[in-house]
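Subject: Structure for your review

Dear colleague,

Please find below the structure that I am handing over to you. My findings follow it, and I would be grateful if you read them with the structure open.

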Amino acid sequence: MVTEVVNKNELHKLDPVFGQNSFDNHEQIVFCNDKDTGLKAIIGIHNTVLGPALGGTRMWQYKNEWDALNDVLRLSRGMTFKSAITGLNLGGGKAVILGDAKTQKTPELMLRFGEFVHSLNGKYITAEDVGMETSDMDLVRTVTPYVTGISESIGGAGNPSPITAYGVFMGMKAAAKYTFGSSDLENKVVYVQGIGNVGEALVENLSNEGAKVYIADINQERLEEVRDKYSVEIYGGNNLYAEDMDIYAPCALGATVNDSTIHQLKAKVIAGAANNQLADELKHGLMLREKGIVYAPDFLINAGGIINVYAELENYGKQEIIRKTENIFNTTLEILNNAETNGITTHQAAFDVAQARIDSRKKEK
Ligand SMILES: NC(=O)c1ccc[n+]([C@@H]2O[C@H](COP(=O)([O-])OP(=O)(O)OC[C@H]3O[C@@H](n4cnc5c(N)ncnc54)[C@H](O)[C@@H]3O)[C@@H](O)[C@H]2O)c1
């Protein structure tokens, strides 16, 4: 849509940036373009009340620029609440690079992207997300200090994905305790959708605990690779939402919990790593509550990665990373109980805690 020539008289109807539903008072949005490397990126800085906006970079072949903009806005906003509820002194930001990471990601493009990050003087700090590897962050580090998730060999905390997965596992166990009366996941039927960096590490935790794990991914090679390493089954159908399961773990992209899937979902718990799992936070949060499906808020339980990269800024070690990540179990249980007591959705309960922390810091300032 944005690539079409727009009738100037109609521009006011489009409100392309400030009028977007997902805009939600972003402080700054930076559009980056470099002809030589083909870089097209958007950096979203949602809120810096608690500290610099930290969030990963996603490289994805979006259908169009509207999708890319909407994604970066939703993701950076999510980071604000993730860091706030986790008690970190960080704001929310995120970046997207438009393109196919497999075929279009070059060292030159990553370096140019790093220069754009550097030009923001630390207001935005990047890290990895979908389509990025630790080695990409190492490259970005050569042109800017405003990057985390770099290799341990050069002073970083390494790949955040295993810690993210561990936090999701903790959140899932808390949701299981709340729902089934025990945090033990042995024999629980869990569908993990998306077995990338985080999904695979979650599968490892789950299979060690004796859960019955089914894996789904659009990448067949990946499915076979992961199936051969752990005692899991590849899901052979084409609509996992309708399958009998205890727990649905979305670990691919966002918005899989929506009008169409909620009606089909048989899971009793949703707990996964993907950001922005609810297509519409208010509406779908309520629909899940009405259906009695327990939703462990994504921005609460997938905070292990940000805890891991925050260590690079605050200089704490592995032990503290694990301790903070394990605490996701307690926070999740508290949020699920609060939601029940106050008759609100679990998403709202988590959001309220995060927003209260931001408001109180704003008052102090
Ligand atoms: N990496 C982290 O530390 C971290 C931290 C917090 C949140 N997250 C979120 O977790 C999710 C996974 O991150 P990751 O780092 O593992 O990414 P990744 O790129 O390593 O893996 C994503 C996987 O999802 C698969 N996939 C994509 N679309 C799919 C679909 N429609 N159905 C099934 N599978 C599909 C891909 O083939 C890939 O295997 C993302 O939403 C990311 O934003 C990641």
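Which residue does the UniProt annotation "active site" cover? According to that record, an unreviewed entry, the residue is K94. Please bear in mind throughout that this is a predicted model.

K94 belongs to strand β5, which spans residues 91-98. Is K94 buried or exposed? A residue is called buried if 20 or more other C-beta atoms lie within 10 Å of its own. K94 counts as buried because it has 30 C-beta neighbours inside 10 Å. If neighbours within four places in sequence are set aside, the contacts of K94 are G44, G55, G56, V72, L75, S76 and M79.

I turn next to the domains. The domain assignment divides the chain into domain 1 (8-77 + 92-154) and domain 2 (161-357). Between the C-alpha centres of domain 1 and domain 2 there is a distance of 25 Å. Where the domains meet, six residues of domain 1 are in contact with seven residues of domain 2. The domain 1 side of this meeting consists of three nonpolar, two polar and one charged residues.

How many residues does the largest nonpolar core have? The core has 106 residues, and those with the most contacts inside it are A41, A175, V192, L202, A249, A271 and A296. Helix α6 (residues 161-180) supplies the largest share of this core, with 11 residues. Domain 1 and domain 2 each contribute at least three residues to the core. As an example, L202 is in contact with A165, V168, F169, V192, A249, C251 and A273, again leaving aside neighbours within four places in sequence.

Finally, I describe the surroundings of the ligand. There are 26 residues around the ligand, of which T164, G194, G196, A252 and G305 come nearest. The largest share, three residues, comes from α7. By class, the shell is made up of 11 nonpolar, 12 polar and three charged residues. Why is the ligand said to lie between domain 1 and domain 2? The reason is that both domains give residues to the shell around the ligand, so the ligand lies between them.

With kind regards,
A colleague

Technical notes
Residues are numbered from 1 along each chain as its sequence is written. This is a predicted model: local features need pLDDT of at least 70, side-chain atom pairs count only at pLDDT 80 or more; totals for chains, interfaces and linings use all residues. UniProt positions are given in the numbering used here, feature names are shortened, and annotations may be inferred rather than shown by experiment. Helices (H or I, at least four residues) and strands (E, at least two) are DSSP runs, numbered from the N terminus. A residue is buried if 20 or more other C-beta atoms lie within 10 Å of its own, exposed if 12 or fewer, and partly exposed in between; C-beta atoms are placed from the backbone. Two residues are in contact if their C-beta atoms, placed from the backbone, lie within 7 Å. Domain bounds come from an automatic or database domain assignment. Ala, Val, Leu, Ile, Met, Phe, Trp, Tyr, Cys and Pro count as nonpolar, Asp, Glu, Lys and Arg as charged, and the others, Gly among them, as polar. A nonpolar core is a set of buried Ala, Val, Leu, Ile, Met, Phe, Trp, Tyr and Cys residues joined through C-beta atoms within 7 Å. A residue is near a molecule or strand if its C-beta atom, placed from the backbone, lies within 6 Å of it.
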